Amino acid sequence: KDDAAVYKINDNTCIALTVDFFPPNVDDSYTYGQISAANAMSDIYAMGGNPIIGLNIAAFPKNFPIEIINSILLGAKEKCDEANLSIIGGHTIYDEEPKYGLAVIGTINCNDIKKNNTAKEEDLLILTKGLGTGIITQLIKTNTSNIDNVLNESINSMTMLNKKASEIIKNYPINACVDVTGFGLLGHLYNMISQSEKNCELNLNNIPVFEGLNSIIDTNKLATGTIENIKYLEKKLNDLKTIDQNMKSIICDAQTSGGLLFSTPAKFANEIIEELYKSDHKKASIIGKVTSKQKFKNKIINFIK
């Protein structure tokens, strides 16, 4: 259930282990390396850990230009340096489609591990980054004429480590935390709330999205992961079918290097938001509230429009 595997060394020290890699989702190789590295470290941050060492995982075509490989690795190294993570090796194979990522090991206090299934009633839900990276990177493949501004904002978000957000919330009582990636906001929220044996309200008007995203969404050209998220969640949540198609696409959008989603007692929420704003998380928002478990199983998430 947890985002990363955890192994106990002694009463206080645990190590957290995770791995992630994927094909290029942007055109620039250096940026792709940055995004891949930031994304790979995210599970460690979500659990309250600090990434310390990593191993490269790569697959490149046989005749892939060495300059592009170097650029990918340099982009990744920049993010790893920012995280104080040392890359100490790795493994590469030949493949027709390029792929890159990291296996990451981090340290974590065994007594302060943030789980993703322990949200408490009356907690408020906070999301630290905007949504829409999947929608935008899918559009790159078909249409780049009108997405420059929103693309730049999404790249800034994907290359931003969850390090600062993780450090901020260590100072507050966080009851549950997860990083938003392939299952989209709604998929990760559904898992968090259902596994916590709670319900929640999701305020759709407070969902943070990248500036101009609504004007470029094409709901007929969504990424496969987003389409699968929608199909799965419509079976779990009856009311999802009643939501505007654009908003449904956004909250089910399969994210890359998304933000942290966490629950915290209401009295701390505004202070946390202020701290996140100061650390350049300008999209951080209170998006909902955890409520008591109800008997209607398909009403786990109540959409507030």
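Start with the sheet: 6 strands make up an open, mixed sheet, ordered S7-S9-S6-S10-S8-S11. This is a predicted model, so keep the confidence colouring handy. Select strand S7 (176–179) and strand S11 (301–304) to see the edges, where each strand pairs on one side only. Going from one strand to the next, the twist averages 25°.

Now zoom in on S6 and strand S9 (residues 260–265), which run antiparallel to each other and pair over 5 bridges. Show side chains here and you'll find Ile 126 opposite Phe 262 in S9.

Next, bring up the helices that go with these strands. Helix H10 (residues 266–278) packs on the sheet and touches S6, S9 and strand S10 (285–291). Its direction makes about 140° with that of S9. Then pick helix H1 (residues 29–46), which lies across S7 and S9 and runs at about 175° to S7.

Time for the cysteines. Which two does a disulfide join? Select Cys 14 and Cys 110, with 2.1 Å from S to S. The link is right-handed, with 120° about the S-S bond. Cys 14 sits in strand S2 (residues 13–22) and Cys 110 in the loop between strand S5 (99–109) and strand S6 (123–127), so the bond ties together parts 96 residues apart in sequence. Both cysteines of the pair, Cys 14 and Cys 110, are buried.

Last stop: Cys 177. Cys 177 is buried, at 0% relative accessible area. While you're at it, click Cys 80, which counts as buried because its relative accessibility is 1%.

Key:
Residues numbered from 1 in each chain as written. Predicted model: local features only at pLDDT ≥ 70, side-chain atom pairs only at ≥ 80, totals over all residues. Heavy atoms only, no water. Disulfide = S-S within 2.5 Å. Helix = DSSP H or I, 4+ residues; strand = E, 2+ residues; numbered from the N terminus. Buried < 20%, exposed > 50% of the residue type's maximum accessible area, 1.4 Å probe, protein only. Pairing = 2+ DSSP bridges. Axes fitted to C-alpha atoms, helices over the stretch in contact; angles between N-to-C directions. Contact = heavy atoms within 4.5 Å.
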